[in-house]
Amino acid sequence: MAALARLPLTHSLPTILNPSLFLRPSLSFASYLHRSPSRSVSPILSSSQPQGESNASIVGDLLDYLNESWTQFHATAEAKRQLLAAGFDHLSENEDWKLKPGGRYFFTRNMSCLVAFAVGEKYVPGNGFHAIAAHTDSPCLKLKPKSASSKSGYLMVNVQTYGGGLWHTWFDRDLSVAGRAIVRASDGSFVHRLVKVKRPLLRVPTLAIHLDRTVNSEGFKPNLETQLVPLLATKPDEISADSKDKIASPSSKDAHHPLLMQILSDDLNCKAEDIVSLELNICDTQPSCLGGANNEFIFSGRLDNLASSFCALRALIDSCASSESLSSEHDIRMIALFDNEEVGSDSCQGAGAPTMFQAMRRIVSSLGNEQVTECTFDRAIRKSFLVSADMAHGVHPNFAEKHEENHRPQIHKGLVIKHNANQRYATSGITSFLFKEVAKLHDLPIQEFVVRNDMGCGSTIGPILASGVGVRTVDCGIAQLSMHSVREICGTDDIDIAYRHFKAFYQSFSSVDRKLTVDD
């Protein structure tokens with residue numbers, strides 16, 4: 001594709017920008033650029049920009065989203081906030097839905113899964129859904145139901161490993177806790193609350209080299225049960241008397257350290273005894289930021305897969321932002337952000353549950369009224385198309401041999417379509433062609449990936465959803481490095497390209513799909 005030749009190897013921001021400006025999560029990269037009228041625009045944003053569309057970058061907004069979304073619960077809550085601000089109506093799965101063409105809606109499940117959709121004003125029953133699916137969870141450490149323990153004069157916090165993390169990267173990091181709590185209200189009811197302790201609270205220290213002389217030659221292989229245990233504080237009998245009352249020793253009935261419960265109650269502004277349930281992740285406190293000599297990288301935790309989730313969210317919101325944007329649309333634009341992908345998706349809030357397809361059926365039923373027959377939903381699925389968006393393996397400069405030589409995705413060169421003959425990805429020749437045609441129509445770069453035959457292949461929610469009801473699906477992702485590390489890397493240009501590709505999918509897929517005949 002000709003557009004590939006025009007792609008910059010690095011982001012074209014001035015090298016004189018001070019990287020320290022981007023370490024504060026409260027400072028948006030976009031707001032900084034507003035204050036810098038002399039900045040240059042990246043060629044990928046200018047040369048291929050369709051007339052009439054904005055060339056503004058969403059990278060700063062992504063940084064804000066990442067810094068807000070320490071957990072899947074916070075990511076869902078932030079997506080909810082943005083949808084409400086954009087005028088989407090909040091639905092409840094427990095109530096009847098009264099939908100109408102031109103309407104924009106969303107609902108959450110477990111406050112870790114979210115489905116949002118916009119109905120075209122020319123929609124008729126049996127028309128299809130154009131959906132993008134991603135996931136809100138990332139590999140992390142989670143507190144055990146009973147986390148309080150002590151070792152050698154320290155208060156420790158016992159954790160579980162969630163997903164396939166690179167656990168050695170969690171050592172010697174400034175960590176804290178975030179997640180959700182169920183809090184008893186003054187009237188005796190129970191309230192769902194989010195909690196995030198922003199200051200460094202925990203740490204998993206490595207063993208000194210003097211006590212492990214072979215670590216560099218034989219590798220660092222910690223026991224995940226006994227050696228991946230964060231320390232919280234020193235025990236009361238080894239600190240000053242003034243602090244003993246505040247840091248009470250746990251009793252046999254305490255599931256978590258009283259000190260930790262006090263910190264959480266301060267953040268929640270409630271009494272510690274009113275916290276009746278907790279679901280907490282261990283989180284890295286270092287903010288997401290720009291990196292690289294030209295600020296061409298994003299350094300952050302949870303890029304897999306919050307980067308995809310945010311690009312999908314913004315593409316949906318922006319594709320129907322104006323009153324005219326849905327006026328000629330015949331189909332339904334949708335996003336589905338699931339939890340628990342990193343552990344197989346088999347949960348009520350995961351892609352293995354029929355959440356999205358139940359929603360589709362309800363949408364068809366609500367919009368169809370008396371026009372709905374038993375095959376209306378089936379016809380809608382046949383006309384539908386799903387983009388499964390999950391991060392992709394960019395070629396590592398120090399381990400290039402780990403990639404098949406003709407399929408080495410590079411950062412800054414566009415979305416990666418993932419192929420696997422054994423259906424670990426749901427991409428087919430047809431779905432790949434259609435997605436590439438959308439890119440071609442908008443002059444967007446695209447890459448392709450297959451894993452080496454002598455290596456294992458991960459999977460995504462794509463095959464799960466494709467096989468659920470038989471919806472056409474393509475698997476794609478943004479190229480990244482350090483996948484499943486506590487700190488990951490992707491390219492700034494690729495965020496904007498993914499956003500524009502997803503937005504183009506919503507705006508142009510119908511016209512592309514009508515040109516193809518397969519099962520006539």
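Helix H5 (residues 72-85) packs against helix H9 (residues 303-319) at an angle of about 15°, and the two axes lie 11 Å apart. The model is predicted.

**Packing of H5 and H9**
- Angles under 35 degrees count as roughly parallel, and H5 and H9 are therefore roughly parallel to each other.
- Their crossing is right-handed.
- H5 contributes Ala-75, Ala-79, Gln-82 and Leu-83 to the contact, while H9 contributes Leu-306, Phe-310, Leu-313, Arg-314 and Ile-317.
- By class, seven nonpolar residues, one polar and one charged make up the contact of H5 with H9.

**Burial of H4**
- Helix H4 (residues 59-68) is mostly covered, with seven of its 10 residues buried.
- The buried residues of H4 are Val-59, Gly-60, Leu-62, Leu-63, Tyr-65, Leu-66 and Asn-67.

**Aromatic pairs**
- The count comes to 12 aromatic pairs.
- The ring centres of Tyr-105 and Phe-117 are 5.4 Å apart and the planes stand at 35°, so this pair is tilted.
- Tyr-105 belongs to strand S2 (residues 104-109) and Phe-117 to strand S3 (residues 113-119), so the pair ties together parts 12 residues apart in sequence.
- Tyr-105 counts as buried at 4% relative accessibility, as does Phe-117 at 0%.
- Phe-385 and Phe-505 have ring centres 5.9 Å apart and planes at 50°, so this pair is also tilted.
- That pair links distant parts of the chain, 120 residues apart: Phe-385 is in strand S14 (residues 385-389) and Phe-505 in helix H14 (residues 492-513).
- Phe-385 is buried, with a relative accessible area of 1%, and Phe-505 is buried with 0%.
- One aromatic cluster is formed by Phe-385, Phe-435, Phe-505, Tyr-506 and Phe-509.

Methods:
Residues are numbered from 1 along each chain as its sequence is written. This is a predicted model: local features need pLDDT of at least 70, side-chain atom pairs count only at pLDDT 80 or more; totals for chains, interfaces and linings use all residues. Side-chain values use heavy atoms; hydrogens and water are left out. Axes are lines fitted to C-alpha atoms, for helices over the stretch in contact, and angles run from 0 to 180 degrees between N-to-C directions. Helices (H or I, at least four residues) and strands (E, at least two) are DSSP runs, numbered from the N terminus. Angles under 35 degrees count as roughly parallel, over 145 as roughly antiparallel, 65 to 115 as roughly perpendicular and the rest as oblique. A crossing is left-handed if the near helix is turned anticlockwise from the far one by less than a right angle, and right-handed if clockwise. Contact means heavy atoms within 4.5 Å. Ala, Val, Leu, Ile, Met, Phe, Trp, Tyr, Cys and Pro count as nonpolar, Asp, Glu, Lys and Arg as charged, and the others, Gly among them, as polar. Buried means under 20% relative accessible area, exposed over 50%, partly exposed in between (1.4 Å probe, protein chains only). Rings of Phe, Tyr and Trp (its six-membered ring) pair if their centres lie within 6.5 Å; planes under 30 degrees apart count as stacked, over 60 as edge-to-face and the rest as tilted.
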